[in-house]
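Visitor: I've got the sequence and the 3D view open. Can you walk me through how the chains meet and where the charged pairs sit?

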Amino acid sequence: MAPTSTTQPEAPAAGTVPAAGPAISLDGVVKSFRTGSETVRAVDGVDLEIERGEFFSLLGPSGCGKTTTMRMIAGFEDPTEGVVRLDGRDVTGVAANHRDVNMVFQSYALFPHMSVADNVAFGLRRKRVPKAEITRRVGRMLDLVELGHRAKHRPSQLSGGQQQRVALARALVNEPSALLLDEPLGALDLKLRQSMQVELKRIQREVGITFVYVTHDQGEALTMSDRIAVMNNGVVEQLGAPAEIYERPATRFVADFIGTSNLVRGVVRTNAGGLWKVEVADGATALVAELPGSVTTGAHIHLTVRPEKVRIGTEQPEGEASRVPGTVTETVYMGAATHYQVDIGGGEEVTVYQQNASGSTLVAERGERVWLSWPPEHSYALPS
Amino acid sequence: MSNRKFTPYVLVLPAWVWLALFFVVPIGGMLSLSLTTGNVVTGFQQTFEVGNYAAAVSTYWEQILRSLLYGACATLVCIALGYPMAYWIAFRGGAHKSTYLLLILLPFFVSFVLRTISWRFFLSDNGVVLGPLKDLGLLPEGFAVLNSAPAVVLGLAYNFLPFMVLPIYAVLERMDPYLVEAAHDLYADRVQAFVRVILPVSLPGVFAGVLMTFIPTSADYVNASVLGGTHNTMIGNVIQTQYLVNNNYPIAASITFVLMGLLLVGIFSYARALGTERVMEVHA
Amino acid sequence: MNNRPRPHMDSALLRGLTRARRSPLALPGLTRRRTLQAGGVTAAALALSACGVGGQQRDPAADENFWADKERTGSLRWANWPLYMDSERTQIQQFTEATGIEVDYKEDVHEAASFFGQIQPKLANGDDIGYDLMVLTNGFELAKLIELGYLTQLDHSRLPAFTEYAGEIYKNNSYDPGNKYTVPYASGITGIAYNPEFVDREITSLQDLWDPAFEGKVGMFADPQEIAVFGLLANGAVPADSTREDWEAAADKLREQRDSGVVRAYYEQDYIQPLTTGDLWMTMAWSGDIYQQNAEAGTDLKFVIPDEGATLWTDNLMIPYTTQAPVDAIELMNFLYEPEIATGLTEYIGYISPVPHAQEVMAEWSEAEGEGERAEALRAMAESALVFPEEGDYQKLHNYVALPPDQQGEFSSLFQAVTQS
């Protein structure tokens, strides 16, 4: 699973020392926990290189090992095997308070007995930064998160979103080489979460610090990240830019986990003019541009295609495209689009998102026969 | 559903009746008793004799102050012993937390007096603790702990230790464990994390623990009578004697109110000093 | 006196913690008593706050013809101290066999003062206190009961055994001249006990309690009536004739003893254990305690009646005026003076019987028994000066200072200022 970065990391902000190599690298990292008599490998061999200034997300369902991975970067857990490097320095076994990374906790973990300003100043005071500088940097940081007027309040007097920003400020004020965020928006309601996503991205651009972001929310990861590592069962399933992960899921897990994806079983038949013909459902033909390395003619595969890439019509379409007939089983009007469920035979169903660009007329009613088609470049074959 | 309106009142009614019957009425009775004159033979007349209070304070000020002092010392010992215990159970107790808590509470299954008496065996001049030390020549032959102020304070601390451990444990236990990680993350070493975060966050528990040990230890009489010597009488012993031996109910009631008043003043100034917010957190 | 343990109490605790023990009552004894003591405060406070009055003197004139119309009821209720009769209640069984009267025996007297506080409000109201017969020590509470007119005057024509068998010294006590209201149940001596393991000379005098050689090793009693007698005797005063000046001098003498550091602590009832472990070398003590401790634990504690004198106290049987069964109660009083019965009682409790004849009977029993543990025990007891004091001993024994209730408070305070500092 070679990392395939497509986005260039932004230039580091003034104040951070530019150095060669990645900000964070994990090399064959394994973490196993003993629960009773069983040993569970929560992280099962992860290699990662996170670039300087990058907004990097660890995405996956709960229990996939993403939080454990982050905690090993922070220094709260020691890897069972493997090496963790920060700025090229091996920090395996180095305590959290001696690592130049800071964390934003899911629960925020704000010190309830301190004011907002004291919370933010905590790290600087431990580092014995001069008083005047602490005051200046805390003030600047609170301004950055737009909480200057709340400096003297206790965390319990703030709203969830404000607490979240205090947690962010408390970590960022130390100008760490990387900021680790563990589901930081998880406790916020949807609207606030969306505005905080924008806010986080803005702040990250302004300070230019490497962000490592743990989330189970694929939308969040896609919106904010420069690169995403999708994790499952302790391993990285796919590493890449959001568009790449979305458009070209490398595994069935990724296809399934990221967005909505149609997975259609099929058998590879022939190659015609650079395109592979795949027989799906009851004899219909789909086209794919390439096959996974191990797959050849006659192999059983899964085809993936995103619902919004599929066109639906009552006429048989023309041209170089997958063409599959079916029967509409359900239509759901969603405002900007209409969702169709189409039975294509062989027990397979395909979901189609149709933009309502020209009004709200249905292309087809429930029970009507339709044709589905999609361009071959939007469809990928995954080994079964 | 108009009776819904009354439901809360109906529910608190038993509590109010309880309070009225077993707190307000006896307190009122005691107050009136403290202002009477007479003796058991002639009867006690309600003369509103405020002089009982003057007599109580002028005769027993030494025992009153000593009780507060012993109570304070015992409370400090309880903090010194109880905090680490609560800390250890809350953070290191693992799956056996309830076992450790049970162990803390175990002495409570034995009668208070019997527990105290057992200290006489431990602290005996030639007992299991001092005997071997004296045999080894580490202590002079005449060294004694029993029947002294330290013995009383230790006895008090021992008997009321769980009242300190439990509230501190309760606070530490429900403390967000990420607070400690956050402190480490922000460059605090273990000492700093404790001093700057854990300790201040657990202060409401300490506050509750102090109330729950200082009040009963100051008013205790068993420890002084079992472990004390000739100059360790606490005000509880005086009250007990005035009630039971002398049947001097007015003086006994007066001392009781003086003690109660002093404790209340103490508690409120203590609460004020610590900040009302803290106190509220305890009750929250 | 208020805290005097009944037989077996303190030795019981010690033995319970040191080795197996005959009586299952032993270990909980002290605890139960203490718990009830605390309960007593609350009960007294509640009782007082409820009615808001203290004592009211009753007119004893109404008692003139008390006995005229009284008849047996066939049952009676008796309040006694714990462990003051064997657990089979042998003497009660014998009484029921002899008379057919059923006895509801309750070990409800744990402490004179709190027991007094418990019955006093009811007596003031003329309500039944739940007992027809009770046992209290000669002391302030008894004086109050007599003064308040709460006790039934005894009809001596119904007490032939008492008249015949009671020792002279137990008749006509100073606290109840002519046994108008009470007859003794058992007596004990407050003297000096010491542990010869630590004290290497013979103790003969009260002055030994003031000897700086025993710094921090001397135990004194906390009870004002008890300690007062020792202070008075140490000063050469006669308790019965003592004046206010004598009391003050006695208190000063005791204060001097305290401040010299000789006194380790003032004990209520729990001095036996420290005496055996060496925390105490010498202490004020009750004869029966020491006798039982030596008899049952095999210790060799010494008990002496000092040259200057010691205290003889007596627990007395009495009938409250609210009794529902006076005839049954006085019959039982009389029954307990039958020598065989008194001997049986003494064998168990180990305190001094008011029936001197019991010594003879006990010796006879011991002869009849021949060999064995019981024979030995009976012989030892019959010969013990602690259970059957000699004539010379009685010469040196004094009662507590008897005082009318209005002087008791002042007297107590004088000595509590010494013991409760």
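Visitor: How many residue pairs are in polar contact between chain B and chain A?

Guide: Keep in mind that this is a predicted model. The count takes pairs with both residues at pLDDT 80 or more. Between chain B and chain A, that gives 8 residue pairs.

Visitor: Which residues of chain B lose the most area to chain A?

Guide: Chain B and chain A bury about 2,000 Å² between them, with 59% of it on carbon and sulfur atoms. On the chain B side, three residues together make up 39% of what is buried there. They are Asp185(B), Leu186(B) and Tyr187(B).

Visitor: Which residue of chain A forms a salt bridge with Glu181(B)?

Guide: Side chains of opposite charge can pair when their charged atoms come close. Across the interface of chain B and chain A, the rule finds 1 salt bridge. Its closest N and O atoms are 2.5 Å apart, and the partner of Glu181(B) is Arg71(A).

Visitor: What about chain C: how far apart are the nearest C-alpha atoms of chain A and chain C?

Guide: There are 2 pairs of chains that touch, and the most contacts are between chains B and C. Chain A and chain C, on the other hand, do not touch. Their nearest C-alpha atoms are apart by 43 Å.

Visitor: Is Asp125(B), which pairs with Lys217(C), buried or exposed?

Guide: The closest N and O atoms of Asp125(B) and Lys217(C) are 2.4 Å apart. Asp125(B) lies in the loop between helix H4 (112–123) and helix H5 (130–135) of chain B, and Lys217(C) in the loop between strand E4 (182–194) and strand E5 (218–221) of chain C, so this pair joins two chains. Lys217(C) has a relative accessible area of 12%, which makes it buried. For Asp125(B) the value is 2%, and under the 20% cut-off that residue is buried.

Visitor: Now within chain B: how many residues apart in sequence are the parts that Lys97(B) and Glu173(B) tie together?

Guide: These two form a salt bridge, with their closest N and O atoms 2.9 Å apart. Lys97(B) sits in helix H3 (residues 97–105) and Glu173(B) in helix H6 (residues 149–174), so the parts tied together are apart in sequence by 76 residues.

Visitor: And in chain A, what separates Glu206(A) and Arg202(A) along their helix?

Guide: They also form a salt bridge, the closest N and O atoms being 2.7 Å apart. Glu206(A) is partly exposed at 46% relative accessibility, and Arg202(A) is partly exposed at 23%. Because they are 4 residues apart in helix H5 (residues 190–207) of chain A, what separates them is about one helical turn.

Visitor: Last one: how many salt bridges does a search of the whole structure find?

Guide: Some link up into a network, such as the one of Glu133(A), Arg137(A), Arg140(A) and Glu175(A). Over all chains, the search finds 44.

Note on methods:
Residues numbered from 1 in each chain as written. Chains lettered and ligands numbered in written order. Predicted model: local features only at pLDDT ≥ 70, side-chain atom pairs only at ≥ 80, totals over all residues. Heavy atoms only, no water. Buried area = accessible area lost by both parts, 1.4 Å probe. Salt bridge = Lys/Arg side-chain N within 4 Å of Asp/Glu carboxyl O. Polar contact = N/O pair within 3.5 Å; in protein donor to acceptor, adjacent residues only side chain to side chain. Contact = heavy atoms within 4.5 Å. Buried < 20%, exposed > 50% of the residue type's maximum accessible area, 1.4 Å probe, protein only.
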